[in-house]
Amino acid sequence: MSPRTHMRWPLADDVTPDLVLEPFAAEPNFKTRIYATLKQAIANMDIYATSEDTWLDERQLADRLGVSRTPIREAIAMLEQQGFVKSIPRRGIMVLRKTKREVIEMIQVWAALEAMAARLVSLNASGKDIARLRTLFEKFHDGHKPADYLGEYSEANLQFHQTLIQMTDSKILRETTENILLHVRGIRKITIGRDDRASQSIKDHLAIIAALEKRDTETAEKLCRDHTLGLAAYVEKHSEGIFD
C-alpha cells in the first residue's frame with residue numbers, strides 16, 4: 001500500500017479561489033463565531049472524496065480570518081472535543097474521518113431522526129413549506145436526468161435532507177443532526193453517482209414529498225427511514241475507495 005499523502009488547509013488563494021473566509025471584528029462572542037465558521041468549512045470539505053489526510057494550518061487560519069492565533073486555538077480545542085479534528089504534536093491539526101462502522105451507525109441514527117422529522121413536518125408544516133421541497137427537483141425530468149447532471153442533483157439531494165430537518169422548527173433535532181450531517185453529507189455526495197443511485201433517489205424523494213402533501217404521516221415517516229437505511233446498506237456493501 002502506498003503511503004498516504006497529506007493535504008494542508010486552507011490552501012493558497014490561487015488554488016482554491018472559491019474558499020471564502022471573511023475577517024472578523026473583535027467582539028465578545030467571536031471565538032464562538034470562529035468555531036462555527038471552521039466547523040462549517042470542514043463540513044463543506046469533501047473529506048471522504050480523497051485518501052489524503054487533511055490538515056489545518058493554525059497560522060494560515062488566523063491570517064485568513066484576521067484574528068490572533070489564540071481564538072483559533074480555542075476554537076480548534078472545541079472542535080477536537082467534539083471529535084472533528086485531532087491535534088498531533090509536532091505535526092499539526094488533522095481533520096478526522098470516521099471508520100466505515102462509525103459512518104454506518106451515523107446513517108442509521110440519521111434515518112431515525114429524519115423519520116421523526118418527516119412525521120413532524122407532516123403534522124405541523126404548512127402546505128406552502130412542503131411545496132418548497134418539490135421545487136428542489138423541478139429542473140429534473142427526462143431531458144435533464146439526475147444521472148446526467150450529478151453535480152446539480154447532489155446539491156438538490158443534500159438540500160432536501162437538510163431542509164426537511166429545518167422545517168420541523170425543532171432546535172433539538174437540528175442540533176442533534178448537526179454533527180452527524182458533516183459525515184453523512186460527505187458519504188451521500190460520493191455515493192449518489194454510483195450504480196445509478198441518483199435515479200432511485202429522486203423517485204424516493206418525490207414519493208416522500210407526495211406523502212407529506214397528503215398528510216400521510218405513517219407513510220412519509222416510513223419512506224424517509226427506508227430511504228436513508230438504504231444508504232447505510234449500500235455503504236455496508238459498496239464502500240470501495242471511501243474508507244481505504
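Asp63 and Arg59 sit 4 residues apart in helix H2 (residues 58-65), so about one helical turn separates them. Helices here are DSSP runs of H or I with at least four residues, strands are runs of E with at least two, and both are numbered from the N terminus. The two side chains form a salt bridge, with their closest N and O atoms 3.4 Å apart. The term salt bridge is used for a side-chain nitrogen of Lys or Arg within 4 Å of a carboxyl oxygen of Asp or Glu. Asp63 is exposed at 54% relative accessible area, whereas Arg59 counts as partly exposed at 43%. For these labels, buried means under 20% relative accessible area, exposed means over 50%, and partly exposed is in between (1.4 Å probe, protein chains only).

A word on the model itself: it is predicted, so local features need pLDDT of at least 70 and side-chain atom pairs count only at pLDDT 80 or more, while totals for chains, interfaces and linings use all residues. Residues are numbered from 1 along each chain as its sequence is written, and side-chain values use heavy atoms, with hydrogens and water left out.

## Other salt bridges

The count comes to 13 salt bridges. One of them joins Asp129 and Arg132, whose closest N and O atoms are 3.6 Å apart. Both residues lie in helix H5, 3 residues apart, which is about one turn of the helix. Asp129 is partly exposed at 30% relative accessible area, and Arg132 is partly exposed at 39%.

Helix H7 (residues 171-191) has a pair of this kind too: Lys171 and Glu175 are 4 residues apart, about one helical turn. Their closest N and O atoms are 4.0 Å apart in the salt bridge. Lys171 counts as exposed at 55% relative accessibility, and Glu175 as partly exposed at 44%.

How many aromatic pairs does a search of the whole structure find? It finds 3. A pair of aromatic rings is described by the distance of the centres and the angle of the planes. Rings of Phe, Tyr and Trp (its six-membered ring) pair if their centres lie within 6.5 Å; planes under 30 degrees apart count as stacked, over 60 as edge-to-face, and the rest as tilted. Phe137 and Tyr153 have ring centres 6.0 Å apart and planes at 40 degrees, so they make a tilted pair. This pair links distant parts of the chain, 16 residues apart: Phe137 is in the loop between helix H5 (127-135) and helix H6 (150-166), and Tyr153 is in helix H6. Phe137 is buried at 3% relative accessibility, and Tyr153 is buried at 0%.

Phe137 also forms a tilted pair with Phe160, at 5.7 Å centre to centre and 55 degrees between the planes. Phe160 belongs to helix H6 and Phe137 to the loop between H5 and H6, so the pair ties together parts 23 residues apart in sequence. Phe160 is buried, with a relative accessible area of 0%. Together with Phe140, the residues Phe137, Tyr153 and Phe160 form one aromatic cluster.

## The nonpolar core

Which residues have the most contacts inside the largest nonpolar core? They are Val85 and Phe137, in a core of 61 residues. A nonpolar core is a set of buried Ala, Val, Leu, Ile, Met, Phe, Trp, Tyr and Cys residues joined through side-chain atoms within 4.5 Å. Helix H4 (residues 100-124) gives the largest share, 9 residues. Domain 1 (30-95) and domain 2 (100-238) both contribute residues, so the core lies between them; the domain bounds come from an automatic or database domain assignment.

Not counting residues up to four places away in sequence, Val85 touches several residues, including Ile42, Leu56, Ile76 and Ile93. Contact here means heavy atoms within 4.5 Å.

Leu150 is found in helix H6 and is partly exposed, with a relative accessible area of 31%. Leu150 touches Ile192, Gly193 and Ala198, again leaving out residues up to four places away in sequence. Leu150 and Lys189 are 39 residues apart in sequence and 9.3 Å apart in space, C-alpha to C-alpha.

Finally, Arg197 lies over the face of Tyr234, at 4.6 Å from the ring centre. A charge sits over a ring if NZ of Lys or CZ of Arg is within 6 Å of the ring centre and within 35 degrees of the ring normal.
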